[in-house]
Amino acid sequence: MRVLVIEDDDKIASFVTNGLKQAGFETSRAANGADGLRLALNDHYDVAVVDIMLPKLDGLGLIEELRRQQVNTPVIILSAKRSVDDRIKGLQTGGDDYLVKPFSFSELLARVQALLRRASHPGVESARLTVGDLSMNLLSRDVVRASEKLDLQAREYALLEYLMRNAGRVVSKTMILERVWGYSFDPQTNVVDVLVCRLRNKVDKNFTEKMIHTIRGVGYVLKKA
Amino acid sequence: MSLKRLDRVRRTIGFRLILWYSGIFIVSASILFVLAYVLLSSSAEQKNRKDIHLKLEEYAAQYRAGGLEALKNEVDLEERSGKTASFFVRVAGPQNRTLFLDDPELWAEFDLKQLESRPFKGNEQWVRLPTRGGDNTLEIESTLLADGALLEVGKTNAEGQALLERFREIFVGFMIPVVILGLVGGWFLAYRALRPIRNLVQTIRTISTGQMSARVPAGQTGDELDDLVMLFNTMLGKIEALINGMRGSLDNVAHDLRTPMMRLRGTAEMALRAEPDLETCREALADCVEESDRILTMLNTLMDISEAETGAMKLRFEEVNISAVMEDAVELYRHVAEEKEVALRVAAPEEIFMTADRNRMEQVLANLVDNAIKYTPSGGRIDLEAFRRDEQQAVITIKDTGIGIAPEEAPKIWDRLYRGDQSRSQRGLGLGLCLVKAVVQAHQGRIEVSSEPGVGSLFTLYLPTSSTDLP
């Protein structure tokens with residue numbers, strides 16, 4: 001899997017490319033918009049991560065040009081602007097996702113993987129999610145761990161589904177807040193902690209092998225026990 | 001240099017106004033004069049001719065009564081008495097030969113030969129004889145007498161010319177002050193009319209040097225320029241408020257961020273000074289990430305507050321069912337409330353629609369619920385209610401059975417980073433209520449609190465339901 005990173009700030013670029021390499025991706029980096037466009041047009045990439053403020057050609061112009069030339073590489077926009085208007089503008093130009101700086105690397109990684117998933121199996125979805133001895137029937141909404149049925153409330157179910165879909169990957173609190181409640185701002189009390197804690201009580205309490213792990217400062221991950 | 005300056009003066013509105021004003025003034029005065037002159041000169045000529053005609057008839061009557069002798073006697077008599085201005089009198093026989101010419105020296109300057117050489121005919125014909133110098137004209141009328149002789153009577157127009165001459169002199173003497181008056185009047189008018197503009201220019205210059213408080217002095221006339229000045233001053237007021245607000249909030253943001261930045265730095269520094277140990281380092285790094293997340297949240301919240309307070313917040317207005325937003329906020333905190341054993345309930349009609357920014361309203365209600373849960377001990381309850389007070393207003397109340405707010409603290413809870421004595425132990429930024437108030441006010445609403453320590457608090461939101469007075 002190849003990711004093109006177009007970012008002029010060296011520190012951010014190396015933090016993104018190193019992280020992606022560790023996650024098993026092959027990466028190329030361009031430091032300005034013109035080089036980035038040339039790479040994207042002449043080579044195949046599975047995902048492009050594009051900063052908006054770039055020298056020579058800005059990110060939006062670059063995406064516009066790519067789309068005009070029928071290059072449909074999924075694009076994640078990185079931007080320091082957080083207003084809803086900017087977000088909409090980025091997505092309307094042809095971006096597939098929008099991430100506001102400063103962002104956490106796990107969030108970027110999760111979004112890259114989500115885009116790849118969307119690109120590789122469009123529309124095909126299994127009716128069952130399975131991670132280790134934990135399985136979830138998406139139709140009957142039954143959740144079973146080691147043949148023991150778990151009784152989950154709606155939000156707990158939503159959170160578990162999200163964690164299972166991203167099994168092995170760290171998801172941040174912001175992402176959970178957005179997915180599970182549809183809220184895009186930070187409530188002051190950590191409602192995510194509370195929900196994760198409740199879910200943990202149901203999923204892990206009666207088992208010696210724990211599945212839900214907290215990665216401090218980053219988020220949560222669900223892994224095979 | 002001076003040419004340039006002259007050119008600049010030439011381009012000014014003031015200069016053009018003066019030119020136009022004095023130009024119109026002078027042209028009008030000249031037209032009036034020309035009209036008067038034409039009228040005067042034609043009436044002088046008419047009077048002259050009337051005199052001549054009367055005299056001609058008089059003399060013709062004398063001639064008919066007593067012949068040439070009687071006419072001569074009459075002319076002599078009149079000349080001696082000197083009671084009338086002298087008339088030119090000539091009697092000509094057949095072939096236009098002069099039979100009688102009264103006092104020929106008097107008319108020496110006219111070319112009388114012309115009279116003899118012209119064809120001898122008709123009645124009451126006017127002849128004009130110019131002097132040799134061309135100053136005056138002798139006007140002559142003639143009539144055929146019964147015996148075939150021709151009687152001619154004439155008079156110079158010197159009287160009328162003298163009058164017109166005097167008139168011209170007066171005009172010249174009159175035009176000099178008229179021109180001066182035109183220029184002075186034009187200058188005065190231009191000066192008066194352009195005074196508000198000059199004030200405006202002066203004020204803008206003052207502001208360009210950084211004095212934002214300068215205002216254009218307002219006139220009392222209530223005319224269009226006064227309106228302009230008033231609008232301009234209002235605009236300056238708004239800009240100044242905005243700039244001061246921005247400046248103030250920038251100071252506040254910078255100040256408010258120093259403490260968490262210090263914590264971040266401190267954590268990193270402590271880890272660096274400690275013995276190299278992987279676990280300690282990881283712990284410190286995790287602290288750093290959490291701290292920087294907190295700084296980011298704080299920065300975003302502070303920006304939101306500043307934008308809402310200065311009116312720069314972009315609100316995306318849409319029809320929002322506020323009851324649904326309340327349900328969502330309660331849903332967000334349901335588990336938190338359960339964990340804390342606090343009952344959290346909503347009582348609202350199914351639909352209360354209002355024009356608002358949905359995200360911001362979610363944030364307002366979430367912050368208020370968050371606040372209520374924080375300060376309500378186990379076993380307590382929180383009730384959210386909503387109703388339409390009238391066509392224009394919706395009311396939302398959030399009532400808790402929490403620790404309450406001391407009366408002296410009540411006004412301060414809306415302040416930035418204010419945290420009551422009892423709330424210091426709670427986790428939070430101290431920005432929640434400040435943001436709530438700013439967003440509510442940006443929606444043209446208001447929020448009130450009443451509280452009794454130890455019993456609970458009641459927050460009441462008044463929100464307009466229609467967007468008529470919203471930007």
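What share of the 471 residues of chain B counts as buried? In this predicted model, the share is 25%. For chain A, with 225 residues, 34% count as buried. Chain B contains ten helices and twelve strands. Chain A contains eight helices and eleven strands. Contacts were also sorted by their separation in sequence. In chain B, 65% of the contacts with a separation of 6 or more come from residues 24 or more positions apart. In chain A, 55% of the contacts between residues at least 6 apart join residues at least 24 apart.

Chain B holds an open sheet of five strands. The strand order is β2-β1-β5-β4-β3, and the pairing is antiparallel. Two strands sit at the edges, β2 (98–101) and β3 (126–130) of chain B. Each of these pairs on one side only. Neighbouring strands are turned against each other by 20° on average, direction ignored. Helix α2 of chain B, residues 13–81, packs on this sheet. The helix touches β1 (88–92), β2, β4 and β5 (150–156) of chain B. Its direction makes about 135° with that of β5(B). Within the sheet, β3(B) pairs with β4(B), residues 137–144, over five bridges. This pairing is antiparallel. Here B:Pro130 stands opposite B:Thr137 in β4(B).

A further strand pair of chain B forms a hairpin. Strand β11(B) covers residues 446–452, and strand β12(B) covers residues 456–464. Seven bridges link the two in the antiparallel sense. Three residues lie between the strands of this hairpin. In the turn, B:Gly454 has a positive phi of about 85°. B:Glu452 stands opposite B:Gly456 in β12(B).

Helix α6 of chain B spans residues 224–273, which makes 50 residues. From first C-alpha to last, α6(B) reaches 72 Å. That is close to the 74 Å expected at 1.5 Å a residue. The helix still bends, by about 30° at B:Arg258. A proline, B:Pro260, follows within four residues. Which residues of α6(B) are buried? They include B:Val229, B:Ser249 and B:Asp256. The cover over the buried residues of α6(B) includes α5 (195–208) and α7 (278–310) of chain B.

Chain A has an open sheet of four strands. The order is β6-β7-β8-β9, with antiparallel pairing. Strands β6 (128–131) and β9 (148–150) of chain A are the edges, and each pairs on one side only. On average, neighbouring strands of this sheet are turned by 20° against each other, direction ignored. Inside the sheet, β7(A), residues 134–137, is joined to β8(A), residues 143–145, by three bridges. The two strands run antiparallel. A:Ser135 stands opposite A:Val144 in β8(A).

One residue of chain A was examined on its own. A:Val100 lies in strand β5(A), residues 97–100. Why does A:Val100 count as partly exposed? A:Val100 has 18 C-beta neighbours inside 10 Å, so it counts as partly exposed. A residue needs 20 or more to be buried and 12 or fewer to be exposed. A:Val100 and A:Ala80 are 20 residues apart along the chain, yet their C-alpha atoms are separated by 5.5 Å. Beyond its neighbours within four places in sequence, A:Val100 is in contact with A:Ser79 and A:Arg82.

The two chains touch each other. The contact takes 21 residues from chain A and 24 residues from chain B. On the side of chain A that touches chain B, two elements give two or more residues, α4 (84–93) and α8 (191–203) of chain A. Of these, α8(A) gives the most, with four residues. The residues on this side of chain A divide into ten nonpolar, five polar and six charged.

Conventions:
Residues are numbered from 1 along each chain as its sequence is written. Chains are lettered from A and ligands numbered from 1 in the order in which they are written. This is a predicted model: local features need pLDDT of at least 70, side-chain atom pairs count only at pLDDT 80 or more; totals for chains, interfaces and linings use all residues. The expected span of a helix is 1.5 Å times one less than its number of residues. The bend at a residue is the angle between axes fitted to the seven residues ending there and the seven starting there. Two residues are in contact if their C-beta atoms, placed from the backbone, lie within 7 Å. Ala, Val, Leu, Ile, Met, Phe, Trp, Tyr, Cys and Pro count as nonpolar, Asp, Glu, Lys and Arg as charged, and the others, Gly among them, as polar. Two strands pair if DSSP finds at least two bridges between them. Axes are lines fitted to C-alpha atoms, for helices over the stretch in contact, and angles run from 0 to 180 degrees between N-to-C directions.
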